[in-house]
Amino acid sequence: MVTTATNKLYLYFKYLGYTLLAISALCFLTTITGGNTINPVVWGMSGIGLLILGGLIAIVCSRLPKHVAHQNNGLWQKDLTSRGISAWALGILLTGFYILLYWFPETLQGLIVALEPFSQWLRNKPSDQWFLYGTFYTLAVMLMGVYALLKYRNNRYHLIRTCSVIFFQLGFAFILPGLLLAFNQPEFYFSYFWPLKYDYLFPSTVGYLIDNGQALGVFMVFWGAVLSFLATPVLTYFYGKRWYCSWVCGCGGLAETAGDPYRHLSDKSKKAWQWEVAIIYPILGFVIITTLLLWINSWSGGSLFGDLSGGFSRSYGFFIGSIFSGVVGVGFYPIMGNRVWCRFGCPMAAYLGILQKHFSRFRITTNGGQCISCGNCSTYCEMGIDVRWYAQQGEPIIRSSCVGCGICAHVCPRGVLKLENGPREGRYHGTTLIEREAVTILS
Amino acid sequence: MQPDQHVVVIGNGIAGITLAQRLRARSDCRITIVSSESALHISRPALMYVYMGHMRQQDITPYPDWYWKEKKIELVHDLVLSIDFDQKALKLQNGAFLAYDQLVLATGSSAVYYNWPGQHLKGVQALISLQDLELMQQQTIGIKQAVIVGGGLIGIEMAEMLQSKGVEVTMLVREKLYWSTNLPEQEAKLVTQHILNCGIDLCLQDEVTEIVGDEKGNVRAVKTKSGVELPCQFTGIATGVKPNIAFLKNTALEIDKGIMVNHFFETSIPDVFAIGDCAQFKDPAPGEPALEQLWYTGRQHGEALSAILTGTRNAYHRGPWFNSAKFLNIEYQTYGFVPRHWDDLIYSSLYWEHPVKTKAIRLFYERESGILKGINLLGIRFRHDLCHHWLQEKYTIHQVMEQLPAVNFDTEFFQRYEPELLKQYYQQYPDRQEPARQHTWWKLRHRLSLFSEKSDNN
Ligand SMILES: Cc1cc2nc3c(=O)[nH]c(=O)nc-3n(C[C@H](O)[C@H](O)[C@H](O)COP(=O)(O)OP(=O)(O)OC[C@H]3O[C@@H](n4cnc5c(N)ncnc54)[C@H](O)[C@@H]3O)c2cc1C
Ligand code: SF4
Ligand code: SF4
């Protein structure tokens with residue numbers, strides 16, 4: 001039994017955690033502004049140490065005393081998680097960080113220098129702004145991964161899934177690329193594929209990998225192509241989009257961990273769905289067409305399209321890569337929810353979504369007539385899917401945007417939802433225990 | 001039904017809105033829903049989640065405004081003061097009259113109080129409506145202790161709500177164990193223990209005698225039969241519900257506890273029907289209740305009446321019972337009928353319980369025939385469609401055991417406990433053979449046609 005005395009203890013430790021986090025923030029501030037007067041490595045690394053320690057203490061002491069059904073208590077009542085002033089402040093802080101990182105990296109020089117020894121040790125290369133970003137990104141996934149593990153501690157699906165995203169972020173998106181650099185190989189992320197990493201199948205990248213990586217480079221190109229065109233359709237056929245979006249992908253990994261406290265902020269309106277469809281497929285189309293044009297150009301050996309590759313990388317990279325996936329996608333977590341990029345922008349999500357909708361065994365089954373229309377599922381769907389709409393009619397949920405995070409099933413107080421893979425035949429059929437009606441939501 | 005007919009529904013709860021929706025699917029008649037609690041239909045079982053901050057009020061509104069416009073279902077947000085059955089018109093609080101051709105009463109229910117001294121003090125309330133929720137939000141700001149009177153499903157919800165705000169909660173339960181009016185002893189014990197483990201205090205086998213106030217008229221304590229005085233700043237009343245029929249008293253309409261209906265939901269007055277919590281069956285089938293006060297039954301009433309109104313005059317037949325709830329962290333599902341105690345000569349059951357006492361399965365059946373009568377589940381989910389099929393088709397426990405592996409509905413990667421139950425079964429019936437082939441849910445679903453072809457999913 002959780003007595004009041006232990007609850008008090010948890011509370012004191014939580015404040016201790018917050019205090020350490022505040023000191024950590026001061027350390028970072030000093031590192032950035034201190035210039036030559038301070039030792040950035042000492043200050044920066046102290047900041048990171050305190051961030052880890054304070055973060056862990058605060059997370060454990062806020063999650064553990066609450067039993068599982070109480071983990072979402074007050075989310076819509078607390079300022080920080082209901083678009084209050086502190087949420088805006090956090091949003092501006094995150095957005096500001098992205099702006100500095102992308103366009104004014106010199107302002108973050110202190111932090112970059114702070115990571116120099118670490119970068120040399122891991123990658124045998126000098127630290128730069130992207131190493132800084134990668135380090136903080138991975139830290140966020142790991143620390144908030146602990147948060148997710150505690151929050152969903154009674155649910156094995158979430159425990160395994162959370163460990164999986166932490167593993168892929170830490171191993172495949174941080175350590176491995178670092179080691180590759182250390183061994184003078186091309187930096188390569190084995191967990192990202194075309195069309196998300198659109199340039200992995202551009203002729204220029206392919207050429208670079210093969211020239212610079214020799215056998216390993218050839219393997220990388222082969223790996224990328226196989227994953228994009230063979231593994232993706234096959235895995236999506238068996239398991240749905242989720243194998244990638246909520247088990248492997250780094251963007252998804254951040255959304256499922258650091259973004260978890262903000263999942264209820266996704267927009268559920270009909271308008272949002274119309275926007276989603278209107279944006280995400282054109283982006284996929286754009287990536288496909290550009291890739292094709294570049295290959296035609298490269299095969300024809302001509303200067304048919306001139307500097308298209310560079311032009312593309314610059315404009316797409318700027319608008320989609322930086323602004324959309326970074327600034328809006330992560331910076332706006334506290335305002336627009338945690339999957340804005342995945343829902344409205346990601347070409348990989350569009351590709352996987354088409355496969356999921358039409359060529360997959362995946363569906364979310366609704367359990368007969370058990371739904372009480374409470375709305376927890378829709379509220380906590382980070383992709384803004386109105387899950388309740390289907391559940392209260394006893395229909396399976398088969399939506400291209402569903403990333404299979406499984407949170408709808410977890411928060412449902414009546415256990416109505418189950419993510420599962422079954423035969424494609426009769427996949428759309430619902431229960432006989434509720435009468436159904438025809439309404440087109442996407443009209 | 002003719003397009004010029006006007007069907008008026010009083011009450012936008014699950015019964016009233018299901019009727020309106022299904023009627024619209026079948027007919028072009030004019031449909032108006034009058035309701036006083038909220039402009040749009042809300043999910044009553046979700047009220048607790050608004051209090052706990054999991055959702056906002058707009059999140060528990062299952063259908064947005066545009067939906068009703070698209071469906072051409074008119075909504076009137078007003079209270080019906082009285083009904084003139086001769087003139088076929090409703091008198092609304094705003095002074096207007098509303099004429100109907102067919103009237104459907106779906107007025108739901110309100111809380112039962114047992115005339116305890118002090119029940120009108122400030123801080124004493126029930127939780128049924130949106131207004132109750134708002135009141136509870138105001139009355140519980142900054143309080144330290146609360147007492148819940150009544151150990152039912154709404155009682156445990158109120159306890160959980162208060163606990164989420166850090167309030168110390170004591171539940172007063174008349175019986176020996178929590179909800180033992182409905183659960184067999186083993187299940188009731190398990191749930192009772194879980195409630196205690198979660199830090200909610202239970203005063204078992206005790207009742208309220210008086211609610212005590214302070215000089216300002218606020219509740220200060222609850223006195224019980226056993227002589228204890230429990231200090232509290234809030235008292236939740238959860239001792240049951242009764243149909244909302246006060247405004248129908250002294251009219252020609254036949255009422256008892258609820259509005260009397262036959263199995264076509266026809267009341268004593270032509271063109272007037274009643275469904276949902278407020279309806280009372282004149283001649284319930286043996287073993288079935290006269291009042292069905294559930295979300296699910298409300299929906300089924302609405303579905304059945306819409307068919308009746310449009311000319312398919314089939315008597316309402318509920319089919320196998322089912323219900324579900326949640327006791328803090330433990331989900332509860334029940335299918336068919338499991339009584340709280342039974343004659344061991346006539347009935348038997350297979351019961352399995354997890355050693356840490358958070359999960360249990362009971363399959364209850366007739367000893368002689370082996371026919372399955374009901375299923376109780378705690379912390380385990382079964383597939384409704386398959387359980388329904390078993391009960392509907394009067395499967396024996398032996399047939400059920402053959403299909404048991406297909407019935408689980410727990411999340412992927414969860415530990416499966418059906419083997420434990422099977423082990424017990426083969427111990428009890430050593431001459432039974434394990435089936436050569438395991439049935440998967442998908443095969444059974446296909447073979448038994450447990451799906452509806454229709455799909456509007458787009
Ligand atoms: C807190 C709580 C939790 C619950 N949880 C569950 C659950 O988990 N599972 C379950 O199966 N059941 C549950 N129930 C029961 C379930 O909610 C009811 O059985 C169901 O809502 C009844 O639906 P209904 O349409 O008959 O009436 P209601 O939903 O009560 O709707 C009736 C409406 O009619 C309006 N009305 C009444 N009189 C008038 C009038 N004169 N003029 C205008 N309007 C009027 C009322 O204001 C009300 O809005 C719960 C109930 C409560 C209170
Ligand atoms: S529908 Fe459920 S599983 Fe799919 S994205 Fe939404 S919450 Fe996750
Ligand atoms: S959370 Fe469950 S009960 Fe609530 S609306 Fe969704 S499916 Fe229905």
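1. A residue counts as near a molecule if one of its heavy atoms lies within 4 Å of it. With that cut-off in mind, and noting that this is a predicted model, the shell around ligand 3 holds 13 residues, of which A:C371, A:C374, A:G375, A:C377 and A:C412 come nearest. Two elements of chain A, α16 (376-380) and α17 (387-391), each give two or more residues to this shell.

2. The cysteines deserve a separate remark. A disulfide is a covalent bond between the sulfur atoms of two cysteines, and here the count over all chains comes to 0. A:C342, for example, takes part in no disulfide, since the nearest cysteine sulfur, which belongs to A:C251, is 6.1 Å away, whereas the cut-off for such a pair is 2.5 Å. A:C342 also counts as buried, because its relative accessibility is 9%, and the limit for that class is under 20%.

3. On the surface, a nonpolar patch is formed by A:L9, A:L11, A:Y12, A:F13, A:Y15, A:L16 and A:Y18, which together have about 720 Å² of accessible area. Among them, A:Y12 is found in helix α1 of chain A, spanning residues 4-33. A:Y12 has a relative accessibility of 54% and so counts as exposed, the threshold for that term being over 50%.

Notes:
Residues are numbered from 1 along each chain as its sequence is written. Chains are lettered from A and ligands numbered from 1 in the order in which they are written. This is a predicted model: local features need pLDDT of at least 70, side-chain atom pairs count only at pLDDT 80 or more; totals for chains, interfaces and linings use all residues. Side-chain values use heavy atoms; hydrogens and water are left out. Patches are made of residues with over 30% relative accessible area and no salt bridge: like charges are joined within 9 Å, nonpolar side chains (Val, Leu, Ile, Met, Phe, Trp, Tyr) within 5 Å. Accessible areas come from the Shrake-Rupley method with a 1.4 Å probe; for residues, only the protein chains shown count as cover. A salt bridge is a side-chain nitrogen of Lys or Arg within 4 Å of a carboxyl oxygen of Asp or Glu. Helices (H or I, at least four residues) and strands (E, at least two) are DSSP runs, numbered from the N terminus. Buried means under 20% relative accessible area, exposed over 50%, partly exposed in between (1.4 Å probe, protein chains only).
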